[in-house]
Each structure stands twice: as structure tokens, then as C-alpha cells.
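Let's take a friendly walk through this model, one topic at a time. Please keep the structure open beside the text.

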Amino acid sequence: MPGVKPMSEGFDDLCKQIIYSEPLGHIQHPKLDEAMGGIRDYLCIVAGGPGTGKTTFVHEIADYWALTGHPVVFFEGELRTSGMLAKSITRLTKGALNYSDMFASKLTGERLKIFTDATEIYRSTIAPRMHMLHQEMGLRTMSECVKEVALRFGEPPLVVVDYVQIVSLPPEFNSVDERIGLKYVASELRRMVDELRCPLIAISSINRVNYDKKNIGLDSLGGSSAFEYGADLVMPLIVKGDRADERAANMTESQRPVVAAVVKNRYGACVKIDYIFDAPNARFIESE
């Protein structure tokens, strides 16, 4: 059994961790960046119902993180790599080529040139630091991937898990209730952040009964309350609208109003930030 030490041992080092604490970097959304205190070794849960743009939201942040010189490990469970790349390309074209343009028909002429120019930008700026992993993995393998990238770049990567329900569980969890399995995932993601000192953004579903609610709280996280307690920051994305029919109408818009509601912030204020989710161009625009 390890010895139990008083706080006086290593106390000065603890104080220095507080005094000299600085973010690892910043994101492109000023209001959210201020609320988060920049990107730090936090566990952040982004939640929301279908159509709220959760994957696009975190993927856009991840692209920017790589663009500004930092490594990213993105565990993606829904879209293919080509689909994720297409989202990046449409953002780089600044609306000249939207997401559906790249899959509706074969690109030729001027549209092909726009695409090629954007891919060259991606190739030289984002691609060298972006690691997109799609194969099903357990938490131990995921942790090893993060360690490998951290060693290669000399800094912990931004880790994205899209989404927590796709993480493979050890065989002993095969016959247990889903909530028990998700509690294990929540605790291991927390451990990954604490041990590897990496910022980690994980996407979570919400309970179906909360799909059509105007406001979403901590009790809406899908599967397990362990994410509520283990996360440093919890942020549901909610389509705006005072009434159910208004929210339903907004959901059908290609540019839909969305609120990022920070309902838990261990180190800062809980705020609501208005966005326009520009779905065709795979981007979120923070309201001024």
C-alpha cells in the first residue's frame, strides 16, 4: 500500500502549477474560448440531438487546432475519412464549394480547380498534424495512440472522441447494462486526460426525451451521469426556438440558429453563446 503523504510534501510544485498555468492554445470562437480559458487539459463533453451539428462543431475546432500548429487525434465513428475531409475542404474554399457540391456530381473545370487549391492548403497545413482514426478501438489502444502522437510532436494532442457510445469495452462488460459500460468509459476518459495531460473533447448523445426541449441540462446526457460528474465542461448544442414548432422549422434551415449552452464549467462561468450553423459550408459562425 502506498504511503499517505501530507500536503506539505510537494506543496511548492502544486503552487507553481497554479501560478504558471497557461492554456495550450486558443480556438477560433472568441466568446467560447474566453469561457473555456483557452484549450487546456480539460475533459469537455459536447452533447446534443440529431441535426445540431455536433460533429461539424468539434471537427472545425480540431481543424483550426491543427492549422495553428498543434497535433490532433480524432476518433471518428460515423463519417468516413473522405466525408470529414470534404467538410474541411468546403471551409477552406470559404463557401465557393459547399459540402454537397463535392458529392452531387463529378468536379470539373473551375470547381475542380477550387477543390484542388483547397486540398493543397489542407495538405500543407492541417494534414501533417491531423490523425483521423476510424477503426473500432478500446480505451487502452486509444491511449496508446495519443501517447504515440504526443511523443512525436513533443506536446499532448487535442483528442476528439466522436462519440463516446462507440468506444469498445473490455469483454467483461459485454453482458452488463449499457450505463455501467458508459460509466467505465467516462472514468477512463477522465483518467486519460489526467495522466496524459491532453485536452479531450467527447461527443455524447442526449436522452431521447430531451430531443425537443428548449433547454438541455446535465441530466440529459445519454447513458450515464458519470459524464456529468467527470467532465470539466459540459456543453449541449440546442437549435433555437421558443416553441416546438419554431425549433422544428429552424431545424430544416440550411443556416440554423444554434445555442452552445455551457451548463457546467469547473473553472469558469456557465454561459450561452449564439451561433449560426451553416450546414452546407460545414461551419459555425459565432454571433457578435
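## Paired strands

Strand β7 (residues 255-261) is joined to strand β9 (residues 272-278) by seven bridges, and the two run antiparallel. Strands here are DSSP E runs of at least two residues, helices are H or I runs of at least four, and both are numbered from the N terminus; strands pair if DSSP finds at least two bridges between them. In this pairing, V258 stands opposite Y275 of β9.

Y275 also stands opposite E286 in β10. Strand β10 (residues 283-286) runs antiparallel to β9, with four bridges joining them. Their hairpin has four residues between the strands, and A282 takes a positive phi near 50° there.

## How the model is read

This is a predicted model: local features need pLDDT of at least 70 and side-chain atom pairs pLDDT 80 or more, while totals for chains, interfaces and linings use all residues. Residues are numbered from 1 along each chain as its sequence is written, and side-chain values use heavy atoms, leaving out hydrogens and water.
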